[in-house]
Amino acid sequence: MRVWGAIFNIFAVLMMLLMSFAFLNLTRVLDRDFDQARLNKAVEYSTEATFINTLEIEDIGLDYTDIEAIEINTGNSLDIFETMMCFNYDLSVHEENKKLIEDSVATMVLSCNDGFYIIQDIYNDTGKGEYLLRWSPKIPYLYDDGSNKYAFNVVKQKWAKVSGSGDIEMPLEEGYPPGISHDKVLEVLNEQITRNIYVEIENRNANRDIFQYKFFLPAETTRAGVNPISGPGILTLIQGARFASKEMIGTVSVSGYKVVEKVNVVAFTEKIDGVDKKFYCYEGQMDIDDIDTKYKVKNYYRDTRTAAKEEYSPHFGLMTKKITKR
Amino acid sequence: MSDFINKIVMIALIFIMLVLSPLLISYKIDDAVAKRTILNEVSQFIDKVKHTAIVTEEDLNKLYIACNASGLSVDVKVKRLVRADINKDGKIETVHYAVDDLDGLEDINYGDVIKVTVTEIGISTSRRLMYNILRIDEGKFEFSLAGTVG
């Protein structure tokens with residue numbers, strides 16, 4: 001009996017060791033899960049701040065109204081990304097901390113209408129002789145069909161062709177060359193960006209850290225929800241963040257934004273029983289024939305809150321209509 | 001003698017496996033859920049401010065209550081950071097001015113940063129023991145999130 005008791009005890013100790021190991025693993029997984037979720041949020045907010053800063057709108061009327069008028073300027077966007085990451089991790093905004101964040105940037109791509117910028121690892125031999133991240137010159141969207149080379153503007157749908165003999169063709173009207181569809185252009189540009197990301201990550205791996213490349217850009221939205229690049233946008237990949245957790249987070253955090261047309265709020269007056277009543281609705285909800293006849297447009301606002309502050313009430317008849325601007 | 005030691009070991013093992021282990025696992029899962037809840041509340045708050053560019057007293061109260069309803073006792077600080085460039089001995093430097101009074105938070109300009117810092121207060125003795133002896137707790141829970149209004 002005594003022997004059996006000892007055997008059971010040994011068995012129980014082994015079980016306990018196994019359970020302890022499982023428990024420690026559980027705590028690690030739970031902590032890592034939180035750190036990963038926080039990193040995703042931090043990257044999302046920092047990428048958004050960076051993107052807001054890169055946008056330049058040529059149209060001086062309403063912001064974001066003409067999607068073709070949007071220009072992208074890299075400027076100090078990388079610095080803004082690093083500053084925002086410092087805020088998100090309570091790090092002082094200092095060169096050393098910015099460098100720490102830079103080390104985890106696997107790649108960043110800023111896509112425009114007719115080309116894209118990508119983060120490159122540049123060797124700076126003037127200062128301390130270190131590698132720095134800098135934006136590349138703008139790389140145009142190119143397609144080579146074997147005999148001709150094409151450059152595209154995907155938003156304005158314009159193109160330029162350089163034939164084998166060196167002749168340049170640049171039509172003024174919109175539309176793609178015969179035999180090339182919009183889907184084909186999207187496929188080509190996403191493939192080109194994916195290839196460039198791969199090359200830049202390989203360069204970074206040769207110089208410093210190890211980034212595992214496991215990301216691709218599809219030509220059309222996948223079932224998993226990955227969108228292709230189809231105009232002005234930003235894509236950030238963060239891997240191996242040392243500042244985000246007790247141990248390095250090895251998984252990739254991806255964040256991307258693209259420009260969409262903003263739907264403004266239209267404030268207007270309508271004559272009811274001989275009195276001008278103040279209302280608001282979204283752009284594209286009014287019948288075009290009613291503008292300036294039935295409804296007198298007074299102002300545009302960014303959101304309904306501001307319109308309400310200016311004492312405009314929602315026009316429920318119009319607000320239920322489909323927004324046709326998008 | 002060995003029979004007596006066997007019994008003592010058995011009782012200790014029963015206590016560890018039937019009382020201590022479920023308590024520890026339950027505590028750790030509750031703690032993880034609380035942290036995720038706070039993270040979600042804070043990100044929801046930032047998303048709202050990013051869109052509306054305004055922080056009201058009601059928004060702040062809701063955030064404090066939501067964070068403290070998670071199970072952890074936390075202090076929440078909301079700051080608005082205004083980006084500005086200053087001339088320091090001929091060199092232009094970018095600085096961020098922090099504003100945390102309610103008047104300063106009420107009308108936020110586009111491009112300003114809204115930062116939320118959550119700090120745990122009143123950590124229980126059992127958790128302190130778990131952090132200092134067993135090392136399975138991360139100690140005081142503290143994190144920040146910041147987004148740009150725009």
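Q: Which residue takes a positive phi in the hairpin of S6(A) and S7(A), and how many residues lie between the strands?
A: Strands here are DSSP runs of E of at least two residues and helices are runs of H or I of at least four, both numbered from the N terminus. In this hairpin A:Gly146 has a positive phi near 105°, and three residues separate the two strands. This is a predicted model, in which local features need pLDDT of at least 70 and side-chain atom pairs count only at pLDDT 80 or more, whereas totals for chains, interfaces and linings use all residues. Residues are numbered from 1 along each chain as its sequence is written, and chains are lettered from A and ligands numbered from 1 in the order in which they are written.

Q: How many bridges pair S6(A) with S7(A), and in which sense?
A: Two strands are said to pair if DSSP finds at least two bridges between them. S6(A) and strand S7 (residues 148-153) of chain A have four bridges in the antiparallel sense, and across them A:Tyr141 has A:Phe152 of S7(A) as its bridge partner. S6(A), residues 139-144, is also joined by two bridges to strand S4 (residues 115-124) of chain A, again running antiparallel, with A:Ile139 of S6(A) as the partner of A:Phe116.

Q: What is the order of the four-strand sheet in chain A, and which are its edge strands?
A: The sheet is open, in the order S14-S12-S13-S15 (chain A), with mixed pairing. Its edges are strand S14 (295-301) and strand S15 (313-314) of chain A, each of which pairs on one side only. Strand S13 (residues 275-282) of chain A runs parallel to S15(A) and is joined to it by two bridges, one pair of bridge partners being A:Phe279 and A:Ser313.

Q: How is the sheet in chain B arranged, and what packs on it?
A: Four strands of chain B form an open, antiparallel sheet in the order S2-S1-S3-S4. Strand S2 (91-99) and S4 of chain B are the edge strands, each pairing on one side only, and neighbouring strands are turned by 25° against each other on average, direction ignored. Axes are lines fitted to C-alpha atoms, for helices over the stretch in contact, and angles run from 0 to 180 degrees between N-to-C directions; residues are in contact if their C-beta atoms, placed from the backbone, lie within 7 Å. Helix H2 (residues 77-88) of chain A packs on this sheet, touching S3 and S4 of chain B, and its direction makes about 145° with that of S4(B). Helix H2 (residues 57-68) of chain B lies across S1 and S3 of chain B, at about 130° to S1(B). Within the sheet, eight bridges join strand S1 (residues 74-88) of chain B to S3(B) in antiparallel fashion, and B:Val78 stands opposite B:Val116 in S3(B).

Q: Is B:Asp85 buried or exposed?
A: A residue is buried if 20 or more other C-beta atoms, placed from the backbone, lie within 10 Å of its own, exposed if 12 or fewer, and partly exposed in between. B:Asp85, which lies in strand S1 of chain B, is exposed, with 9 other C-beta atoms within 10 Å. Leaving aside residues up to four places away in sequence, B:Asp85 touches B:Ile92, B:Glu93 and B:Thr94.

Q: How many residues of chain B are in contact with chain A, and which element gives the most?
A: On the side of chain B, 30 residues are in contact with 29 residues of chain A. Helix H1 (2-52), strand S3 (113-120) and strand S4 (142-148) of chain B each supply at least two residues of that side, and H1(B) gives the most, with 19 residues.

Q: Where is confidence lowest and highest in chain A?
A: pLDDT is the predictor's confidence in each residue, from 0 to 100. Where pLDDT is low, the predicted coordinates should not be read in detail. Chain A has a mean pLDDT of 82; confidence is lowest in strand S1 (residues 55-57) of chain A, at a mean of 67, and highest in H2(A), at 91. Over residues 59-64 of chain A pLDDT stays under 50. For the complex, the predictor gives an ipTM of 0.89 and a pTM of 0.84.

Definitions and conventions: Two residues are in contact if their C-beta atoms, placed from the backbone, lie within 7 Å.
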